[in-house]
Amino acid sequence: MSAGGDHIVSPKIYVTIWLILLAFTGITVWAAFQHFGIFNPIVALAIACTKATLVILFFMHVKYSPKMIALVIGCGLFFLSILMVLTCADYISRAWAT
Amino acid sequence: MSDSQTTTLQPAHQHHDPSLLVQFDSADQQKDASQFGMWVFLITEIMFFGGLFGAYLIYRNLYNPAFVAASTSIDIRLGAVNTVVLICSSLTMAMGVHSAALGARKLLVFWLVATLVLGGVFLGIKAVEYHEKYVEHHIPGANFDFNYERVKNGEQPVPADVATQTSIFFALYFAMTGMHAMHMIIGAGILIFLIWRAYKGAYPPHHYTMVENFGLYWHFVDIIWIFLFPLLYLVSRSPVH
Amino acid sequence: MLPQYFPLFPESASTMSTRVDALYFFILGITIFFTMLVGLLILVFATKYRKEKHPVPVQIHGSIPLEIFWTLVPLGIAMVIFAWGAVLFFQEMHPPKSAMDIYGVGKQWMWKFQHPGGQREINNLHVPVGKAVRMTLISQDVLHSFYVPAFRAQMDVIPGRYTTVWFEATKPGTYHLFCNQYCGTKHSGMVGEVTAMSPDDYQEWLRGAGAFGSLATEGQKVFASMGCPTCHTGADNARGPNLYNLYGRMVRTEDNRTVLADEGYIRESILNPSSKIVYGFQNIMPTFQGQLNEDEMIQIIEYIKSLTYNGQLLQLQTNTQQEPPVNLNKIQQGVDVTKPGTNQNPAPRTSAVPVTEEAAPAPPSTPPAKQNAPKQPRGAAPQARPNGSQVEQR
Amino acid sequence: MSTATQNSLALEMPSDTYLNSSYGVKSWFLTGDHKRIAVMYIVSISLMFLLGGIFATLVRLELLTPQGDLFQSDTYNKLFTMHGVVMVFGFLVPSIPVTLGNFLIPIMVGARDLAFPKINLASWYIYIIGMAFMLAAIISGGVDTGWTFYTPLSTQYLTTHVMFTAIGILIAGFSSIFTGLNFIVTVHRMRAPGMTWFRLPLFVWANYAASIIMVLGTPVLAITLILVALERGLGIGIFNPAMGGDPVLFQHLFWFYSHPAVYIMILPGFGVISEIIPCFARKRIFGYSAIAFSSIAIAVFGFLVWAHHMFIAGISTYSALIFSFVTFLVAIPSAIKVFNWTATLYKGSIHFDTPMLYALAFIGLFTIGGLTGLFLGAIGVDVHVTATYFVVAHFHYVMVGGMLVAYLAGMHFWWPKMTGRMYPEAPAKLSALIVFIGFNLTFFPQFILGYMGMPRRYHSYPPEFQVLNVLSSAGASVLAVGLLMPMFYMLWSLKYGEVAGNNPYRATGLEWQTTSPPPTHNFHETPIVTQEAYDYESQTEEVEVVG
């Protein structure tokens, strides 16, 4: 694998991403004041995930880096989801058990 | 003794480049390794915050009314401004790495200083928020009283049991933002070091891995905040029913 | 006697213990088989292929069929054990419907038990043989664990939340009761004895144990002294939900969840009333955090459990010689009593009243419905033996 | 094998080794050399092991009699707590990775050093600081939470030095993270030309798998301990039921790390055994890829089973079922390993040197340790035996009978590589035998005690358990002798041991290609790997020629 970081990203892309991130910040604040019921947290988290993905892909250069880096991130998120899902599974299903 | 597995390839030490550490064969390998290492480190950070996020998720499900009440008591303006500040600092950081890649020393120093300033603004606003919470008796512990502020303002106090549970929200709030702020402070420290080194010209093109890795760290801290903001400030701002 | 000083196997004294032992011996068999297999193979190979006898090794890369074989066979065995263990676990976690209740409170470093008839014990637990006992357990401080090895029954005892464990003793005797979750300095002193007795002896013991009043009657007093009847009148327009026939029913909450009204629900509703507001009601109930100790909480719960229309008083099963606590007899099953206005049966609404009337500081708002309470058993005046309420249990 | 050593006459110590390349305190304490750091770790974890061993001895002494007559209850509680804390965090978690792993992984992959030597050195200092906190807690009166720190006992009820200990473990955790990070990057990025993934020795695979766990699990422990510290120091209420917190959440977070942590301990042990068995059977390992993948499978599945420590802790029944199910799945890769090791012996040419004796003992003891895990994984039985001496016996069979025996096996096996001199064979064999006997005598009775229902962490116990406890304590004294012996003869061999030569066992693997002890940068010339690991065919043929 070659040195991944040497790919030079144009500042235009950075600024675009930056603007999108700011826009999403505005949207998420706006959305929080709307009454979407159960969708409120979902919308908020979806926006947060989008923003995070943009930062990872462009600011952190993962889009231009070797696949291995993406694999490492995926691995970390996978184990994070194990922690979350299995712990929550206990709390959610406690109510079922009698 | 069999030597069947090995033959001579090259003398072990054929390094000319003083910045190439002895354990590496090439600058590329060195750069790859340190970047890879940085990413693995960031994974540990994900898991570190993951424990807090997990706790948050569980308690939010258990005590939703308390989380709504407590989240609403936080100043959304400060949170939103801080989000913007941090996103801007991510941009300046990315621009810093970009300047380093181009070998623009003065620009690099400029962007790093800008990042440091924005980081400082973030921490300053954070301190204001913490102070507000302190004044409002919203810091978990002996002086915690969620209804203190509401009673003072003549608002309807929340039921006592909900008020107790808001303590959990604030515990998580302070643990999460506190850990995040701690990362910011460590980051600022490293940043000062980087600025000094960059000013001395220690990061020519192709040898700015340190700047790049620090950039990864800084963006990671930004990402954590991107999640903290909706989770802590935006639980539910919509007028209830 | 050697076995007395050198026992190798625990006493087996509950219906569950033989079932646990069966799985234990099954796994033990597998363990011995595989240990022997691996051990023998090593011994055989080590002698047969030692360097003196077998100087030239044969290079073998491996064998896919073999790998598959010794992946699938252990997997199959593991799944059998898993399924067996899971079935057993479900039996261990689900007490029979007919189980009698005993309540236990753990605290550093003692066990306090309360029988529904009001008998209290410390570090001793008397149970009848041949009758399933469901222990409802809670801790006053740290984690404990209720462990009776002879019954193969164990459950952690947690502060702030009820856990349950059940067993049915099969032979009279005295068995160890251990706290099996490290709980501080005198952890090893948090031990007691479980005495299993024949039903007759048990009744005898209950009589002699000197209870002042059953848990439900005690609970009724606490209930009244906390002012609960002010809102929980049982009337249609009451500010609090009707508590009759509440226990064991599914309750719809304000945010459209359905929750089972068990001991944990009742406890939570008293301590954190905001968390599960019954559909159609306002969140006006104050919390009773810090006002009730665990014993009083158990009494209130037992009281609420006793509030039934058909007189199925759970505690009577163990309590025939005691005065029955609250008896509200033979009234037809209510419909959904939690929803004001949906209740077609007029009777239940009124039946809460006599209860409050019994209580010492009777709140002013109760009287109106008094006179149309059907039959008169309700007051559960300690001596007024209800007709037939204990017959079925004998 | 001593025959080989005698064959190669007039062996001399190499002139240029990592040990004599430079002298002085500074050259050690500021070194970046992974081999020197490994040696520093060996000294430190041996001291921690001694300390933990002393606590264990005192615990076993107390348990000789049913009455708690030797110590006060709180003293006894401190003893078993400190035994657990010191052994788990001071010895078992670092153990093989930081010593043998540190020493061997760069050499085995054909690198001059780990990817980040400074971080490696930092991890040693961090470990030492962590241990200093722990020792401070011990010296200033100890801690009595049990090594599991269950809340709310640890956060609200105990007045001992919980904070110090927690901070110590937190700090030591970072040492573990750094080690894991270093290994992962080294394995990914530092392999010599030709060293493909499937030519890596299984020891590297095993340590790689353990590193994944270190990197992913330890941070969760860190944040959990921080929450405990906040709860204890400031009363934030996150685990306090009176404030709405859930003590069971602590257990979830704690075991999310601490269950995989047992795989951090045992996986490198698997790696050691996978090296030793083929060497002394003189044949390639049976089912290389099965063993390699089973290590990774254990690392991954190991993260899915943590709540099997909590079956009766008040978790949901359904959740318990899932965790039990995955627990049985994680048993399979371990079984695969055992079968493959056993199959490796088939038609080999088996030499009974000390490392092999330990390795064979390992297979037997680990088989028992693993199979007794089935009792605990089967929820129905676990309800009865959890938190009894059955659990104590089970994990000591895995941790002592497995991990510690593997550690001893590895230390003997690579001792000539690390020091340049052979350990003395006769006392080593004797000590292996004593350890085996003493170990079984100590811990086998505890299985019986456990099923009879003797709870763990009991200062005093009902008299009918005494006979078995006396047996166990007697065994412990035998075990102690067996474990102390190596400390003496190993030190003796440093000066008087036979000079080993580069490859005293005629083993494969890059570490045997370089000198013993290796030079500072491991190889005088960068190796190129052309063959898979465990190519004992060529090695054996050569013996035919020589012999």
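How does the radius of gyration of chain A compare with that of a compact globule of 98 residues? In this predicted model, chain A has a radius of gyration of 18 Å, whereas a compact globule of 98 residues would have one near 13 Å. The C-alpha trace of chain A spans about 60 × 35 × 10 Å along its principal axes. Chain A is built from three helices and has zero strands, and the order of its elements from the N terminus on is α-α-α. Of the 98 residues in chain A, 36% are buried. When contacts in chain A between residues at least 6 apart in sequence are considered, 57% of them join residues at least 24 apart.

A:H61, although it is not a glycine, has a positive phi of about 65°, and its place is in the loop between α2 (39–59) and α3 (67–94) of chain A. A:H61 is counted as buried because 23 other C-beta atoms lie within 10 Å, the cut-off being 20 or more. A second case is found in chain C, where the phi of C:N245 is near 55°, again a positive value in a residue other than glycine. C:N245 is placed in the loop between α5 (215–225) and β11 (250–252) of chain C, and it counts as buried because it has 22 C-beta neighbours inside 10 Å. Such values are worth noting because most residues other than glycine have a negative phi, and most peptide bonds are trans.

The peptide bonds of chain D supply two further cases. The bond that joins D:T151 and D:P152 is cis, with omega about 0°, and D:P152 is placed in the loop between α6 (117–139) and α7 (153–157) of chain D. The peptide bond from D:S516 to D:P517 is also cis, with omega near -10°, and D:P517 has its place in the loop between α17 (466–496) and α18 (536–546) of chain D.

Chains C and D meet in a contact that takes 79 residues from chain D and 74 residues from chain C. On the side of chain D that touches chain C, α12(D) gives the most, with 14 residues; by class, that side has 48 nonpolar, 23 polar and eight charged residues. The contact between chains B and C takes six residues from chain B and eight residues from chain C. Helix α6 (residues 160–199) of chain B provides the largest share of the chain B side, namely four residues, and the residues of that side divide into four nonpolar, one polar and one charged.

Helix α3 (residues 64–93) of chain C has 30 residues, which should span 44 Å at 1.5 Å a residue, and its end C-alpha atoms are 42 Å apart, so the two values agree. The buried residues of α3(C) include C:W70, C:F82, C:F89 and C:E92. The buried residues of α3(C) pack against α2 of chain C together with α11 (288–301), α12 (317–345), α13 (354–377) and α14 (379–385) of chain D. C:F34 lies in helix α2 (residues 15–48) of chain C, and C:F34 counts as buried because 20 other C-beta atoms are found within 10 Å. When its neighbours within four places in sequence are left aside, C:F34 is in contact with D:T367 and D:L371. C:F34 and C:E92 are 58 residues apart in sequence and 29 Å apart in space, C-alpha to C-alpha.

Chain C also contains paired strands. Strand β9 (residues 173–179) of chain C is mostly covered, five of its seven residues being buried. β9(C) pairs in the antiparallel sense with strand β6 (residues 144–148) of chain C over two bridges, and C:F146 stands opposite C:C179 in β9(C). β9(C) also pairs, in the antiparallel sense and over five bridges, with strand β10 (residues 192–197) of chain C, where C:Y175 stands opposite C:V194 in β10(C).

The confidence of the prediction has to be kept in view for chain C, which averages a pLDDT of 79, with 77% of the residues scoring at least 70. Over residues 311–394 of chain C the pLDDT stays under 50, and for these residues the model has 193 contacts beyond four places in sequence. Where pLDDT is low, the predicted coordinates should not be read in detail.

Methods:
Residues are numbered from 1 along each chain as its sequence is written. Chains are lettered from A and ligands numbered from 1 in the order in which they are written. This is a predicted model: local features need pLDDT of at least 70, side-chain atom pairs count only at pLDDT 80 or more; totals for chains, interfaces and linings use all residues. A residue is buried if 20 or more other C-beta atoms lie within 10 Å of its own, exposed if 12 or fewer, and partly exposed in between; C-beta atoms are placed from the backbone. Two residues are in contact if their C-beta atoms, placed from the backbone, lie within 7 Å. Ala, Val, Leu, Ile, Met, Phe, Trp, Tyr, Cys and Pro count as nonpolar, Asp, Glu, Lys and Arg as charged, and the others, Gly among them, as polar. The radius of gyration is taken over C-alpha atoms; the globule rule is 2.2 Å times the number of residues to the power 0.38. Two strands pair if DSSP finds at least two bridges between them. The expected span of a helix is 1.5 Å times one less than its number of residues. pLDDT is the predictor's confidence in each residue, from 0 to 100.
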